[in-house]
There are 2 protein chains.
Amino acid sequence: MARQAGSKGEETAARIRAAATGLFARHGYAAVSMREIASEVGVGAGAIYNHFTTKQDLLVGLMVGHMTDLLAAWDAEPMAAADAFPAAALEAFARFHIRFHRQRIDEVFVSYMELRSLDQPNFHRVERLRRAYEDRLEGIIARGVAAGAFHAPEPKVAALAIIAMLTGITGWYRQGGRLPASTIEALYVEMVAATVRPKGGPD
Amino acid sequence: MARQAGSKGEETAARIRAAATGLFARHGYAAVSMREIASEVGVGAGAIYNHFTTKQDLLVGLMVGHMTDLLAAWDAEPMAAADAFPAAALEAFARFHIRFHRQRIDEVFVSYMELRSLDQPNFHRVERLRRAYEDRLEGIIARGVAAGAFHAPEPKVAALAIIAMLTGITGWYRQGGRLPASTIEALYVEMVAATVRPKGGPD
């Protein structure tokens with residue numbers, strides 16, 4: 001158990017995680033010290049070690065937390081059910097992915113960029129979670145192919161392509177831009193559906 | 001003119017750029033010093049300043065160089081001509097983008113990740129080049145829409161989506177993986193074409 005247990009300790013840990021995410025996103029993991037994170041939170045440099053043994057521990061916690069939240073949030077969606085119609089499930093996945101990531105731009109950036117900074121065992125832990133998320137989409141595509149509704153010679157590659165396309169929105173989307181979020185979402189839903197649509201097939 | 005002119009000076013500058021790209025990709029710009037870059041190249045810490053006044057100067061040079069090479073390479077492709085058939089130009093663009101980026105994984109990573117580290121004027125310089133590249137693809141898509149060959153309500157958004165999808169390959173592609181490079185390229189060419197294919201239309 002952490003030395004500072006209970007709600008006060010939990011709250012401090014959450015503030016440390018939030019500050020670390022922001023600092024890592026702005027400067028990169030290697031350039032940020034535990035002292036700087038503590039200073040951003042407004043606690044002593046020693047206090048941070050009550051919550052996180054090392055900076056590596058803090059980083060892997062952020063990345064595992066991000067992926068675990070993502071998986072849990074998708075698995076709670078009705079269309080994540082194994083018997084959902086593939087086309088409806090694919091649309092739901094696209095909308096879910098866009099909305100989840102658009103609200104977590106720093107987390108997405110750190111999760112992608114700082115894979116390089118993870119120890120080998122931590123890297124594999126995060127990679128397993130990333131694979132699990134990709135597998136959810138691959139499963140939808142494979143079911144669509146089996147049902148004759150989708151065309152995708154390699155469902156795994158299609159899943160990676162769709163995830164990259166959707167995550168790319170976080171690189172350029174700004175609130176108050178030319179197109180409203182709902183329009184952007186609709187455009188991507190259509191492009192994602194097109195990616196696996198049989199040539200000359202129905203909608 | 002640089003203090004070390006001629007081929008010897010050029011060669012050293014190229015080695016400094018290559019070392020900086022690798023170090024920035026591994027540790028991030030903020031965590032790498034000019035001294036470390038010099039040490040990687042095997043020159044004195046002072047020698048590096050004969051070529052690059054500041055670390056910022058070195059970074060923006062890498063990013064501008066990457067985007068300038070990319071634009072020049074695409075503009076030299078026959079299918080970059082303004083009168084190329086849109087479907088053929090789109091396929092050529094996809095193949096070109098995959099091949100160019102697959103050979104420059106560190107450059108792609110640094111160019112994306114270190115936008116945050118650029119001074120405001122340098123950021124705008126790099127952004128203008130990125131826009132110019134996106135505009136090339138947007139132009140192909142807009143011509144395809146005008147010719148009735150493509151469906152894309154927002155060619156700009158389609159261009160961003162396609163570029164993100166294609167660049168995503170650099171995140172997971174490894175030589176000697178399960179699928180040969182030519183198969184992966186063919187799968188992506190097909191998905192890119194599908195993204196802008198009119199529903200129920202011909203190939």
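1. Let's start where the chains meet: in this predicted model, helix 9 (residues 181-195) of chain A packs against helix 9 (residues 181-195) of chain B at an angle of about 135°, and their axes are 8 Å apart. That angle makes helix 9 of chain A oblique to helix 9 of chain B, since over 145 degrees would be needed to count as roughly antiparallel. The crossing of helix 9 of chain A with helix 9 of chain B is right-handed. Chain A contributes Met191(A), Ala194(A) and Thr195(A) to this contact, and chain B contributes Met191(B), Ala194(B) and Thr195(B). Sorted by class, the residues in the contact between helix 9 of chain A and helix 9 of chain B are 4 nonpolar and 2 polar, with no charged ones.

2. Next, a helix pair within chain B. Helix 4 (residues 86-102) and helix 7 (residues 155-167) of chain B pack with their axes 9 Å apart, at an angle of about 40°. Helix 4 of chain B is therefore oblique to helix 7 of chain B, as only angles under 35 degrees count as roughly parallel. Helix 4 and helix 7 of chain B cross in a right-handed sense. On the helix 4 side you will find Leu90(B), Phe93(B), Ala94(B), His97(B) and Ile98(B), which meet Ile162(B), Ile163(B), Leu166(B) and Thr167(B) of helix 7 of chain B. The contact of helix 4 with helix 7 of chain B comprises 7 nonpolar and 2 polar residues, and no charged ones.

3. Helix 3 and helix 5 (residues 105-113) of chain A pack at about 115°, with 10 Å between their axes. Helix 3 of chain A is thus roughly perpendicular to helix 5 of chain A, a class that runs from 65 to 115 degrees. The crossing of helix 3 and helix 5 of chain A is left-handed. Leu59(A), Met63(A) and His66(A) from helix 3 of chain A make the contact with Glu107(A), Val108(A), Val110(A) and Ser111(A) from helix 5 of chain A. By class, the contact of helix 3 with helix 5 of chain A has 4 nonpolar, 2 polar and 1 charged residues.

4. His101(A) is worth a visit while you are in chain A. It sits in helix 4 (residues 86-102) of chain A. Its relative accessibility is 5%, so His101(A) counts as buried, the limit being under 20%. Leaving aside residues up to four places away in sequence, His101(A) touches His66(A), Leu70(A), Val108(A), Tyr133(A) and Thr170(A). Of these neighbours, His66(A) and Val108(A) also take part in the contact between helix 3 and helix 5 of chain A.

5. Helix 2 (residues 34-41) of chain B has a clear buried side. Its buried residues are Met34(B), Ile37(B), Ala38(B) and Val41(B). Viewed down the axis of helix 2 of chain B, these residues fall within an arc of 100°, so they line one face of the helix. Exposed Arg35(B) and Ser39(B) are carried on the face of helix 2 of chain B that is turned away from the buried side. Just after helix 2 of chain B comes Gly42(B), with a positive phi of about 85°.

6. Finally, a loop residue. Ala45(A) lies between helix 2 (34-41) and helix 3 (55-75) of chain A. With a relative accessible area of 27%, Ala45(A) is partly exposed. Beyond residues up to four places away in sequence, Ala45(A) touches Arg35(A) and Ala38(A). Pro155(A) is 110 residues from Ala45(A) along the chain, and their C-alpha atoms are separated by 48 Å.

Note on methods: Residues are numbered from 1 along each chain as its sequence is written. Chains are lettered from A and ligands numbered from 1 in the order in which they are written. This is a predicted model: local features need pLDDT of at least 70, side-chain atom pairs count only at pLDDT 80 or more; totals for chains, interfaces and linings use all residues. Side-chain values use heavy atoms; hydrogens and water are left out. Helices (H or I, at least four residues) and strands (E, at least two) are DSSP runs, numbered from the N terminus. Buried means under 20% relative accessible area, exposed over 50%, partly exposed in between (1.4 Å probe, protein chains only). Contact means heavy atoms within 4.5 Å. The arc is that of the directions from the helix axis to the C-beta atoms. Axes are lines fitted to C-alpha atoms, for helices over the stretch in contact, and angles run from 0 to 180 degrees between N-to-C directions. A crossing is left-handed if the near helix is turned anticlockwise from the far one by less than a right angle, and right-handed if clockwise. Ala, Val, Leu, Ile, Met, Phe, Trp, Tyr, Cys and Pro count as nonpolar, Asp, Glu, Lys and Arg as charged, and the others, Gly among them, as polar.
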